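Notebook open, structure loaded. Today I'm looking up a helix pair and some charged side chains.

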Amino acid sequence: MAVKNALIINAHQRYAGISEGKLNASLVEVLKTEIASLGGETKTTRIEDGYDVDEEVQKHLWADFIVTQGPVYWFGFPWIYKKYADEVFNAGLMGERL
């Protein structure tokens with residue numbers, strides 16, 4: 001299977017002096033480089049920087065596959081990813097979007 005369109009979601013949540021997010025940012029860059037070397041295209045979202053729900057829905061529709069990169073706190077992703085997923089995956093349910 002050829003690599004095509006990839007959406008990479010950086011779900012890191014920064015904690016000053018404890019967890020700056022350098023590892024997650026590095027891993028996202030490695031993924032982008034590898035996907036490009038295989039002829040694929042990438043779009044990225046760093047949740048902590050903010051996002052537009054409608055734009056994220058379009059990115060998900062564009063992507064052939066999605067990689068969620070983030071730390072695991074007590075066996076789960078940070079709350080910002082859970083909030084992001086709720087907002088993006090529920091967009092349009094009430095006829096307000098799309």
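This is a predicted model: local features need pLDDT of at least 70, side-chain atom pairs count only at pLDDT 80 or more; totals for chains, interfaces and linings use all residues.

I started with Glu-55, which is partly exposed at a relative accessible area of 43%.

Residues are numbered from 1 along each chain as its sequence is written, and side-chain values use heavy atoms, with hydrogens and water left out.

Next I checked what Glu-55 pairs with. Its side chain meets that of Lys-59 in a salt bridge, 3.9 Å from N to O. For that term I need a side-chain nitrogen of Lys or Arg within 4 Å of a carboxyl oxygen of Asp or Glu. Lys-59 and Glu-55 are four residues apart in helix α2, so about one helical turn separates them. Helices here are DSSP runs (H or I, at least four residues), numbered from the N terminus.

Is Lys-59 buried or exposed? I get 10% relative accessibility, so Lys-59 counts as buried. Lys-59 also has a salt bridge to Glu-56, at 3.3 Å from N to O. Those two sit three residues apart in α2, about one turn of the helix. Glu-56 is buried, with a relative accessible area of 2%.

I then looked at another group of charges. Salt bridges with shared partners join Arg-46, Glu-48 and Asp-49 into one network. In the Arg-46 to Glu-48 bridge, the N to O distance is 3.5 Å. Arg-46 is partly exposed at 31% relative accessibility, and Glu-48 is partly exposed at 31% too. My search of the whole structure turned up six salt bridges.

The axes of α2 (residues 53-62) and α3 (residues 79-89) come within 9 Å and cross at roughly 80°. I fitted axes to C-alpha atoms over the stretch in contact, with angles from 0 to 180 degrees between N-to-C directions.

Which residues of α2 and α3 make the contact? On α2 they are Val-53, Glu-56, Val-57 and His-60, and on α3 they are Tyr-84, Glu-87, Val-88 and Phe-89, with contact meaning heavy atoms within 4.5 Å.

Technical notes
Buried means under 20% relative accessible area, exposed over 50%, partly exposed in between (1.4 Å probe, protein chains only).
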